[in-house]
Amino acid sequence: MSIAADAEPITKGGIYVYAVVRNDGAKLPRVEGIGGSRVDLVPCGDLAALVTRLPERGWKVKRRDLERHLGVLESAFADGTILPCPFGTVVESVDDLEDALLAGRRSELLDGLKRLDGRVQMNVKALYDEDRLLRAIVASDREIASLRERTRGTGADGYYDRVRLGELIAARVEARREDDGRRLESALARAAIDVVAEPAGGELAFSGSFLVARSSLEEFDAALEDVAAAEQPLLRFEAIGPLPPTSFTASYAGM
Amino acid sequence: MAVATRGTSSNYLQRAPSPSGLADVINVILDKGLVVDAYVRVSVIGIEVITIDARIVIASVDTYLRFAEAVNRLDLTQTETAGLAELRDGGSSEKTKGVLEGVKDKMTPGDGDKESKKERSRK
């Protein structure tokens, strides 16, 4: 992935939107917003948007802004339920913000907030120990094992055998990933309300977001501990959260 | 916020309340959330993030050769009962580290961002 940090600013003015919240006297995030600017609340009936008014001279996207965006979401989420917007959501005016979002989609947004009340997101990744994975694949496949024997120490002669060997292993890795990913997803989903799996590749066996009731975070954590203990040492796990439910907002707010 | 009692991190399960690396931050906030209708949305061209579609397996000869090289370097005399630390310290296993990582790199087009490279090497 690459971020063109030095790209020309293209937004002249405009309103950067972080999230939609209930207009119930929620505190403003105590963190700095995009470009180091202030975070404001734009109220509209029983809803409000957390925004930063972008400078007329334009906003130059910095890497730091990714963290600031997340910081605003996390700070607001600590105070209550939020519907996060994707990074880089900018509208032209307060009128647009109200027409297209706060007033225009009021009922689905209120519905989304209600459905996400008391729920958090846990992001889980399972990563292969590469040596163990390859060892297991060699051990389980005679063709791979014998090709490996044949190609060890061969120079240019063994080129096609080595390509064939690599092709077989790559296919085995993918098949294995699919099996492992499905198994891990269903094991952890039992302790969650919902799950969104991300595409996995490279050293990832599984990557996904789980929607978990705040009140059952300990159960989810225990399930994670059990799964991770059972799958080691081939896999190691990384869990991040509780996070604002970014992966579930679009579908839970009626879209 | 401290909602749940979190267990301590072990070598097979690491827990963090919040994403720390850039990739994890991006994974949480990019293209995820409430989408504002396109007709009022201002496009922000500065955010030129090339997302990786990890589902695309680059079935290149180069990838295959890397896998072949990795298994050829594996020392099969190390058995599954060997301790993890032993495997990690083994010289041969050290050489094979990063093939899967290498495949992932192949799937990352146009990585011209110095900052993100720095991020990776810091790990």
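**Helix contact and strand pairing**

Modeller: In helix 5 of chain A, the residues Glu143(A), Ile144(A), Leu147(A), Arg148(A), Arg150(A) and Thr151(A) meet Asp161(A), Arg162(A), Arg164(A), Leu165(A), Leu168(A) and Ile169(A) of helix 6 of chain A, where contact requires C-beta atoms, placed from the backbone, within 7 Å, and helices (H or I, at least four residues) and strands (E, at least two) are DSSP runs numbered from the N terminus. This is a predicted model, in which local features need pLDDT of at least 70, side-chain atom pairs count only at pLDDT 80 or more, and totals for chains, interfaces and linings use all residues. Residues are numbered from 1 along each chain as its sequence is written, while chains are lettered from A and ligands numbered from 1 in the order written.

Biologist: And at what angle do the axes of helix 5 and helix 6 of chain A cross?

Modeller: Roughly 145°, with the axes coming within 10 Å; axes are lines fitted to C-alpha atoms, for helices over the stretch in contact, and angles run from 0 to 180 degrees between N-to-C directions.

Biologist: Switching to strands, why is strand 8 of chain A largely enclosed?

Modeller: Nine of its ten residues (204–213) are buried, so strand 8 of chain A is largely enclosed by the rest of the structure; buried means 20 or more other C-beta atoms within 10 Å of the residue's own, with C-beta atoms placed from the backbone.

Biologist: Which bridge partners does strand 8 of chain A supply for Gln121(A) and Val196(A)?

Modeller: Leu211(A) is the partner of Gln121(A), and Ser209(A) that of Val196(A).

Biologist: How many bridges pair strand 6 with strand 8 of chain A?

Modeller: Nine, in the antiparallel sense, where pairing takes at least two DSSP bridges between the strands.

Terms used
Contact = placed C-beta atoms within 7 Å. Buried ≥ 20, exposed ≤ 12 C-beta atoms within 10 Å, placed from the backbone.
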